[in-house]
Amino acid sequence: MDPSMYRAFAELHERRHWWFVGRRRIVASILASVLGDRRNLEILDIGCGTGGMIPLLRPFGRVTAIDPSEEAILYSSERYSGQAILRRVDFPREPPPRERYDLVTLFDVLEHLDDDREALSKAARLLGPGGRLILTVPAHRSLWSPHDEINQHRRRYARAELQGRIREAGLRLLRMTYFNALLLPAVWAARRIRRGAALEGDRRSDFRIQTGWMNNFLAAVFGAERFLLRAFDLPLGVSLLAIAAPGEPAVR
């Protein structure tokens, strides 16, 4: 992302856009189910960007948030001073401040990296005994659109591909599910339209605020999936979520 866009992105999109609002509701529910009443964890948020996930992580312990962009870290420090230790770290090229963490998160980070295998392998080595890794990534190559290119994605993931990456890193997969399933048909149609618009020179990102009522409606629909995810995994969706632990890959 262009550094000059961080403030506008955080204040206009991350706080209000239905996708970010819905994802925060889902991630908050997942964190509660995985971590329960634990409150003293050492937590590493890799690729924190403008820091939007810090308030969700902070109740569970001490948060260290890292990002390769100095501008992102400076802005996050303005927003979340006292809530997290913020450091400019170009992961996986550079190591984070500590050697071990109880929880490592990569929220929509892997798709931006040239070498996702190296990143997952190094993230796995940061987990202490009983640690957990939680990650989200965009799913389905068929949904590739100018939005991915504008946001500098390298890939969208198939379920089997992400499973393979996790196991190659020496992690034990505990759970994998799609999410943003209820809006998948609408997203698929919108991406098809956006591809056509791109051919005519319109290459804007999908992160645009809709009319107020529509944005709130979409956020409510997306966020409501947290109730479904408490009961079962979803078979399809725009994104994938995985939870993994240290250990040998499960044989299946």
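Strands β4 (residues 101-107) and β5 (residues 127-138) run parallel and are joined by six bridges. Within this pairing, F107 has T136 of β5 as its bridge partner. Helix α5 (residues 116-125) packs on the sheet, where it touches β1 (41-46), β4, β5 and β6, and its direction makes about 150° with that of β5. Contact here means heavy atoms within 4.5 Å, while axes are lines fitted to C-alpha atoms, for helices over the stretch in contact, with angles running from 0 to 180 degrees between N-to-C directions.

The model is predicted, so local features need pLDDT of at least 70 and side-chain atom pairs count only at pLDDT 80 or more, whereas totals for chains, interfaces and linings use all residues. Residues are numbered from 1 along each chain as its sequence is written, and side-chain values use heavy atoms, with hydrogens and water left out. Helices (H or I, at least four residues) and strands (E, at least two) are DSSP runs numbered from the N terminus.

**The sheet**

The open sheet has seven strands in the order β3-β2-β1-β4-β5-β7-β6, with mixed pairing; two strands pair if DSSP finds at least two bridges between them. Because β3 (85-88) and β6 (171-179) stand at the edges with a single partner strand each, one side of each is left without a neighbour in the sheet. On average, neighbouring strands of this sheet are turned by 15° against each other, direction ignored. β6 pairs with β7 (residues 239-246) in the antiparallel sense over eight bridges, and M176 has A242 of β7 as its bridge partner. Seven of the nine residues of β6 are buried, where buried means under 20% relative accessible area, exposed over 50% and partly exposed in between (1.4 Å probe, protein chains only).

**Core and helix α2**

The largest nonpolar core has 72 residues, of which V104, L110 and L162 touch the most other members. Its largest share, nine residues, comes from helix α2 (residues 18-35). Such a core is a set of buried Ala, Val, Leu, Ile, Met, Phe, Trp, Tyr and Cys residues joined through side-chain atoms within 4.5 Å. Of the 18 residues in α2, 13 are buried. G36, with a positive phi near 60°, follows this helix.

**Salt bridges**

The structure holds 16 salt bridges, each defined as a side-chain nitrogen of Lys or Arg within 4 Å of a carboxyl oxygen of Asp or Glu. Three of them are listed below.

| Pair | N to O distance |
|---|---|
| R141 and E161 | 3.1 Å |
| E161 and R165 | 3.4 Å |
| R175 and D233 | 2.5 Å |

R175 lies in strand β6 and D233 in the loop between α10 (225-229) and β7, 58 residues apart. R175 counts as buried at 18% relative accessibility, and D233 as partly exposed at 36%. E161 and R165 are four residues apart in helix α7 and therefore separated by about one helical turn. E161 is buried at 17% relative accessibility, whereas R141 is exposed at 57%. A network of salt bridges links D116, R141, R155, E161 and R165.

**Backbone exceptions**

Most residues other than glycine have a negative phi, and most peptide bonds are trans. The peptide bond from F91 to P92 is cis, with omega near 10°, and P92 is found in the loop between β3 and β4. Although not a glycine, N180 has a positive phi of about 55°; N180 lies in the loop between β6 and α8 (184-199) and is buried, with a relative accessible area of 1%.
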